[in-house]
Amino acid sequence: MTATTAITNIGTLVTNNPDLGDGPLGQIKDAALVIEGDRIAWAGPTAKVPATDDTHDAQGRAVIPGFVDSHSHLIFAGDRTEEFNARMSGQSYKAGGIRTTVAATRAATDAALEANLTHYLAEALRQGTTTFETKSGYGLTTADEERALRIAKAHTDEVTYLGAHIVSPDHADDPAAYVALVTGEMLDACAPHARWIDVFCEKGAFDGDQARAILTAGKAKGLLPRIHANQLSYGPGVQLAVELDAASADHCTHLTDADVDALANSDTVATLLPGAEFSTRAEWPDARRLLDAGATVALSTDCNPGSSFTSSVPFCIALAVRDMGMTPDEALWAATAGGAKALRRTDVGHLAPGARADLAFLDAPSHVHLAYRPGVPLVSEVWRAGVRAA
Ligand code: NIG
Ligand code: FE
């Protein structure tokens with residue numbers, strides 16, 4: 001028999017299953033959870049909790065599903081403090097800054113890259129992230145992209161091949177040759193380590209036709225598409241994401257009405273990354289407009305050393321509520337169930353029976369405090385797959 005543990009005295013539990021509790025978040029007051037092995041076996045009021053082998057008292061804290069951070073760039077070396085300083089003195093953000101990190105990443109050893117990754121993963125875990133996606137994209141040679149994905153794969157199943165982050169500096173004069181590399185030899189080397197393929201579809205990176213060719217080649221090798229779309233300017237990224245049935249179009253900062261309609265009538269999630277707008281002093285993505293149109297919205301950190309050097313989902317929730325028109329309930333859903341949908345996962349992002357037992361305990365009466373008390377480290381305990389992890 002697998003051991004069972006009850007978590008009792010939960011002040012407010014968010015299950016993200018409307019059948020289990022109140023409202024779209026399926027909230028239960030004075031709640032309990034039963035964990036069996038790595039899974040949720042039961043959720044309901046503490047007064048009705050079944051007998052278990054063990055009990056853990058939440059002492060009135062809120063419990064939410066662990067965050068699903070569906071967009072990060074954590075295989076890198078170095079930082080870009082100077083670039084950030086220059087931006088905060090008035091310079092604008094440009095895709096070309098990526099080259100600084102490419103040089104530092106190529107020069108780093110495997111051990112240094114892995115140590116950096118585990119550092120930021122531990123930081124994210126302490127802030128409640130129990131599922132994360134991460135990408136290559138700072139190597140831009142076959143060997144450097146392949147090793148980035150190999151290192152990432154040891155730490156998560158959600159690994160994304162982003163050889164098409166920018167045109168490699170080695171091919172600056174011949175972008176077509178770089179696209180041929182990304183869709184040829186580099187793809188062959190990278191595909192075995194990745195689940196997803198991504199492209200930065202933007203002026204200064206890859207145009208719509210190049211992005212389509214890259215994602216189509218990835219699909220032919222069994223990778224699933226996602227896109228950096230419409231971040232710095234209007235463009236074809238979102239429409240392409242919908243055309244290719246991408247799981248997610250990420251950023252979505254500059255959207256036409258047709259882009260919003262296309263997302264609303266698709267299975268493509270709009271993943272908003274407010275850490276990037278914060279750190280580049282850019283216009284916020286309009287979450288309200290997307291939600292009112294019926295699109296599915298996810299929230300993620302985009303953690304990377306250039307445009308968004310935060311691993312904190314709670315920080316992104318606070319920004320989304322304060323500046324993007326989301327309610328605290330919508331933001332919490334977007335950072336948990338929304339992230340899961342953006343990764344086409346059904347086992348995480350909720351706490352119904354059968355889900356992986358990934359939980360964040362908050363030193364707060366409810367998840368609303370994540371936005372109401374911005375910048376305060378409210379996550380006081382984290383469980384992943386039924387085991388206390390932070
Ligand atoms: O998602 N937009 C492209 N890639 C990253 C930025 C990477 C960088 O500046 O190093 C992003 O914001
Ligand atoms: Fe990104």
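**Figure 1. Overall view of the chain.** Buried residues make up 56% of the 390 residues in the chain. A residue is buried if 20 or more other C-beta atoms lie within 10 Å of its own, exposed if 12 or fewer, and partly exposed in between, with C-beta atoms placed from the backbone. This is a predicted model, in which local features need pLDDT of at least 70 and side-chain atom pairs count only at pLDDT 80 or more, while totals for chains, interfaces and linings use all residues. Residues are numbered from 1 along each chain as its sequence is written, and chains are lettered from A and ligands numbered from 1 in the order in which they are written. The chain has 14 helices and 16 strands. These are DSSP runs numbered from the N terminus: helices are H or I with at least four residues, strands are E with at least two. The radius of gyration is 21 Å, close to the 21 Å that the globule rule gives for 390 residues, so the chain is as compact as a globular protein of that length. That radius is taken over C-alpha atoms, and the rule is 2.2 Å times the number of residues to the power 0.38. The C-alpha trace spans about 70 × 45 × 40 Å along its principal axes.

**Figure 2. Confidence of the model.** Mean pLDDT is 98 for the chain, and 100% of its residues reach 70 or more. pLDDT is the predictor's confidence in each residue, from 0 to 100. The model scores are ipTM 0.95 and pTM 0.98.

**Figure 3. The annotated binding site.** An unreviewed UniProt entry places the feature "binding site" at Y138, N304 and G306. They are spread over 169 residues of sequence but cluster in space, with a largest C-alpha distance of 11.2 Å. UniProt positions follow the numbering used here, feature names are shortened, and annotations may be inferred rather than shown by experiment.

**Figure 4. Close-up of Y138.** Y138 sits in the loop between β7 (129-135) and α4 (142-153). Y138 is buried: 31 other C-beta atoms lie within 10 Å. Leaving out residues up to four places away in sequence, Y138 touches I75, F76, T101, V102, T105 and A148. Contact means that the C-beta atoms of two residues, placed from the backbone, lie within 7 Å.

**Figure 5. Close-up of G306.** G306 belongs to the loop between β13 (297-299) and α12 (313-323). G306 is buried, with 26 other C-beta atoms within 10 Å. Its contacts are R80, E83, G97, I98 and T101, not counting residues up to four places away in sequence.

**Figure 6. The shell around ligand 1.** Ligand 1 is surrounded by 13 residues, the closest being I98, F200, N304, G306 and S307. Here a residue is near if its C-beta atom, placed from the backbone, lies within 6 Å. The shell holds three nonpolar, nine polar and one charged residues. Ala, Val, Leu, Ile, Met, Phe, Trp, Tyr, Cys and Pro count as nonpolar, Asp, Glu, Lys and Arg as charged, and the others, Gly among them, as polar.

Figure 7. Most residues other than glycine have a negative phi. D30, not a glycine, has a positive phi of about 45°. D30 is in strand β2 (residues 27-36) and is partly exposed, with 14 other C-beta atoms within 10 Å. Q59, also not a glycine, has a positive phi of about 50°. Q59 lies in the loop between β4 (54-57) and β5 (62-65) and is exposed, with 12 other C-beta atoms within 10 Å.
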